[in-house]
Amino acid sequence: MSVQWDRRITPYLFVSPFFVLFAVFGLYPLLRTGWMSLHRWDLLAGPVRFTGLANYADLLTDPHFYNALANTASIFVVATVPQLAAALGIAALLDRPLRGRTAWHAVVLLPNVVPVVAVALVFTQLFGRDQGFAAWVLSWFGADPVDWQAHAWSAHLGVAIMVNWRWTGYNALLYLAAMQSVPRELHEAAALDGASRLRAFRSVTLPGIRPTLLFTVVVSAIGGLQLFAEPRLFGGGSTAGSAGGNDRQFQTLVMYLYENGFERFDAGYAATISWVLFALCAVLASVNAVLVRRLVGRG
Amino acid sequence: MRRAPGVLASAALLLVLLGSLFPLYWSVVVASHDNAAMSARVPPLLPGGELWRNVHDVFEAVDFQAALGNSAIVAVTVTASNVLLSTLAGFAFAHLRFRGRRVLFGLVLGSVMVPAQLGVVPLFELVGELGWYGRLEAVVVPGLVSAFGVFWMRQACREAVPRELVDAARVDGCSLVRTYWHVVLPALRPHALVLAMLTFLASWNDFFWPLVVLDPVESPTVQVALAHLAGGYYTDYPLVLTGAVLGTLPVVVLFALLARKLVTGLPGGRVNP
């Protein structure tokens, strides 16, 4: 092998596995999703006929789609607001001399490594109507057991708690890393000026970690758009399907995608939902890119 | 300015500790009782003595041994491949000059944020054409490398592998493959280990795509087998949570072994949101 050949060709060989796999299993499915969404398409039998934008027109007048969209947004808000606030609090707690720092970090990160299926199953048991831990705790206060799956608010809350258990610690560690990279001198200056701990947190720490805060909001939103396992298993395994409750009160967008594609075999309509989801994710990702650039540029 | 935690902070830390551990503890409590005990108005708060019987029952109810084996095969293959292919491409993007490098890396960056699971419908079709439906290839091959891994290993390469080292190797007449193997890969070991850990976890815990493409009875991964176990009109929670504990144990053990490396090397993004 000549040196010349090695220097010219080998770099392409190094990057080609990624691009081959990306083309076949990433880009091609993405483009084909767009193509399928323009057809009536049976998952098993294939294309039935070209229908143009008919699937999109249907989607825009489909109450189940808006229901899933609203549920997804509601769960996202109920989950993300307290989650990021708690993560900020935990990060502030850990941002001080602690004995066993690494152990604390590990404790905080542990929920994130637990399989999402296991998380969903144990929380579904905790929120059981008749034999759940939550029912027992409620009874201390004289409250009646709640049929958690039966109402939109309680189901959204239940799913949000599962999501938060898994992700709060992860985000806390991201915030902690960001906090510790805020220049020491800024804190010292604030202390010299007689700023209280809370004031220093608001005026020094928060602005310093703004890009990270923003990043976690956007990543949580992209994750929230794809929420599937928690609500699906909350509704009880495979026989219940992906309807998300009797009145679809906790069906998310990806559950609706799954229902159309893999329970009704309506691949064209499922592809339409995919494409809309993809567009939403792309918008979020670009908003993120623009905002981070602006914030980092200013800071 | 940085003080040791006071009473309030200690109480808050204790709460965090309890919050983190309680669901895991509770899984063990449920897994070690029978269904009758769990149906009591006041649930038992301490582990019981039924764990081994429940474990036995899980292996009776579904082919859990096969599921554990399948998950291990998938996660180990995907992890090894991700580390190898991501460091290779990361090295090329960090230190090698070739035409189109910027455009190609732009493509990598652009695809980091694209959620691959949204292409699930055509992917299902593609896998069917390849004859992989219900086979582990369907889960392994699409996961062999990720844009995130390439992106991250390029960063790592820039930080951990001095350009002079690569140049020196070239002056010594070392081929690029040998440079990668003897210079780059050893220098990237700490980063590669964290990437391996995160990839293994994401792969072991993956649910959506395996649920779509694998057969819950013939070829499940652990997660698919668990969902199958929990399905049906009536859920036997001690049984289901025994399965969940068994499926969680490998990742928790791995985490315990490598937690120190992981918490210090966490990248600012998720492998699999």
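This report walks through a predicted model, starting with chain A and then turning to one helix of chain B.

## Chain A as a whole

Chain A has 299 residues, and 44% of them count as buried. If you look at contacts in chain A between residues at least 6 apart in sequence, 70% of these join residues at least 24 apart.

## Transmembrane regions from the record

An unreviewed UniProt entry lists "transmembrane region" for several stretches of chain A: residues 12-31, 73-94, 106-128, 148-167, 212-229 and 267-291. Let's visit two of them in the model.

Residues 73-94 of chain A are 100% helix and 0% strand. From one end of this stretch to the other, the C-alpha atoms are 31 Å apart. Residues 212-229 of chain A are 83% helix and 0% strand, with 27 Å between the end C-alpha atoms.

## A covered helix in chain B

Now move over to chain B and find helix H13, which runs through residues 222-230. How many of its residues are buried? The count is 9 of 9, and the helix is described as mostly covered.

Just after H13(B) comes Gly232(B), which takes a positive phi of about 100°.

Conventions
Residues numbered from 1 in each chain as written. Chains lettered and ligands numbered in written order. Predicted model: local features only at pLDDT ≥ 70, side-chain atom pairs only at ≥ 80, totals over all residues. Buried ≥ 20, exposed ≤ 12 C-beta atoms within 10 Å, placed from the backbone. Contact = placed C-beta atoms within 7 Å. Helix = DSSP H or I, 4+ residues; strand = E, 2+ residues; numbered from the N terminus. UniProt positions renumbered as here; feature names shortened; annotations may be inferred.
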